[in-house]
Amino acid sequence: MYPKVYLYKRIKDAKILMDRNYSEHMDLDHIAKKVYLSKYHFLRLFKEAYGITPHKYLTIKRVEAAKKLLSSNLPISHICREVGFESAPSFSNLFKRHTGTAPGEFRRKGAIR
């Protein structure tokens, strides 16, 4: 068995990986392999350490990045792809679920929250 410190260093490394590469396609298998853990063990440890799943963490990261980009003149479809979402409609729905506002409305209001 590994010491907890070793395992939590792996989880921290995974979080750093997601912070640096949030716009790339990443799934649980990919991230877990990068930190040399099984996906189920990784999922459990990440949630224990940060209180949310890796998927939710990555989604929050992407929405926060999108909020910043919405202050630019980039098309929303471009922002969607820039932050790692593949579908503009799913991005729009997810953005609204997280912020309470659709991306276009968020931009019009100039609402950086």
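**Reading helix packing in a predicted model**

Modeller: This model is predicted. Start with helix 4 (residues 54–69) and helix 6 (residues 88–99): their axes come within 10 Å and cross at roughly 95°.

Colleague: How is helix 4 oriented relative to helix 6: parallel or perpendicular?

Modeller: Angles of 65 to 115 degrees count as roughly perpendicular. So helix 4 is roughly perpendicular to helix 6.

Colleague: Which residues make the contact?

Modeller: Helix 4 brings Lys56, Thr59, Ile60, Val63, Ala66 and Lys67. Helix 6 brings Phe91, Leu94, Phe95, His98 and Thr99. By class, that contact has six nonpolar, three polar and two charged residues.

Colleague: At what angle do helix 1 and helix 3 cross?

Modeller: Roughly 85°, with the axes of helix 1 (residues 4–21) and helix 3 (residues 39–50) coming within 10 Å. Helix 1 is therefore roughly perpendicular to helix 3. Among the contact residues are Leu7, Ile11 and Met18 of helix 1, and Phe42, Leu45 and Phe46 of helix 3. The classes are ten nonpolar, one polar and four charged.

Colleague: What span should helix 3 have?

Modeller: Count 1.5 Å times one less than the number of residues. For the twelve residues of helix 3 that gives 16 Å, and its end C-alpha atoms are 16 Å apart, so the two agree.

Colleague: Which residues of helix 3 are buried?

Modeller: Buried means under 20% relative accessible area. In helix 3, Phe42, Leu45 and Phe46 are buried. Down the helix 3 axis, the buried residues fall within an arc of 100°, so they line one face.

Colleague: What covers the buried residues of helix 3?

Modeller: The cover includes helix 1, helix 2 (28–34) and helix 4. Just after helix 3, Gly51 takes a positive phi of about 80°.

How values were computed: Residues numbered from 1 in each chain as written. Predicted model: local features only at pLDDT ≥ 70, side-chain atom pairs only at ≥ 80, totals over all residues. Heavy atoms only, no water. Axes fitted to C-alpha atoms, helices over the stretch in contact; angles between N-to-C directions. Helix = DSSP H or I, 4+ residues; strand = E, 2+ residues; numbered from the N terminus. Parallel < 35°, antiparallel > 145°, perpendicular 65-115°, else oblique. Contact = heavy atoms within 4.5 Å. Nonpolar A, V, L, I, M, F, W, Y, C, P; charged D, E, K, R; others polar. Buried < 20%, exposed > 50% of the residue type's maximum accessible area, 1.4 Å probe, protein only. Arc of directions from axis to C-beta.
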